[in-house]
Amino acid sequence: PVELRRTDVAALATSEGRSLEDAGREARYRFLEEVSPPDALIATAHTIDDLAETVLLNLLRGAGPAGIAGMPARRGRIVRPLLGERRSTLRGYLDAAGVTYREDPSNEDPAFLRNRVRGELLPLLESLRPGAVDRIGRFAGLAAADDALLDRVAAAELARRRDDDGAIDWRDPPPTALGRRVLRLAIGDPAPSAERLDALLEAAGGARGGVTIELGGGRSASVRRHSITLHEGE
């Protein structure tokens, strides 16, 4: 089988401005997309341990509700049927059945923050409160449900404020938390950072008269007398 070599991953990281860990993950998913039939699902063996690691990493990065929800059981063609199982349980099953598996040697490299969360932080949390991994997993599920609900609220608010030309009426603006989510939903992927969205909301809040936000699909904002425009490609 074709293997992803470290040099290939390093080249991807350099060309796309990714970390080595993120580039490796992206390369694996691209490979699976290429070799699988277009109508097939791609199942991964992520466990609740992986979910807990992701939640803690995203908390350390200052993520919002979407980040602390961790990883979904399904996103597009990617499905994670083992997300509720512990890694040690699955390894026990494989060992008992005599099934061999491969361990990525980079999993032992302390240069990667995830490895330190896996090898140091999670064991510490388990020693302080046995079952911590399962509880973090349940927390992620609650956060995911809340995040999905807030997205539906934001979608309804966006539809109410948007006119036939796509502009968003920002008179009587919503609370900041909802406004940030409305704009992120309106812009789509890749969305501006939370800091850029907050700057746009602050500019809209300080404008006099009727304010209309016109979306151009980009990430930067400028303020005119009665409108705020997101400029494409900046």
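Which residue in S3 is the bridge partner of Ala43? In this predicted model, for which residues are numbered from 1 along each chain as its sequence is written, the bridge partner of Ala43 in S3 is Val79. Local features require pLDDT of at least 70 and side-chain atom pairs pLDDT 80 or more, whereas totals for chains, interfaces and linings use all residues, and side-chain values rest on heavy atoms, with hydrogens and water left out.

The chain contains nine helices and seven strands, taken as DSSP runs numbered from the N terminus (helices H or I, at least four residues; strands E, at least two). An open sheet of three strands shows mixed pairing in the order S1-S3-S2, where pairing requires at least two DSSP bridges between two strands. Strand S1 (42-43) and strand S2 (74-75) stand at the edges with a single partner strand each, so one side of each lacks a neighbour in the sheet. S1 and strand S3 (residues 78-79) run parallel and are joined by two bridges.

Asp172 counts as exposed because its relative accessibility is 66%, the classes being buried under 20%, exposed over 50% and partly exposed in between (1.4 Å probe, protein chains only). Of the 234 residues of the chain, 31% count as buried.

Arg161 lies over the face of Trp170, at 5.3 Å from the ring centre; this assignment requires NZ of Lys or CZ of Arg within 6 Å of the ring centre and within 35 degrees of the ring normal.
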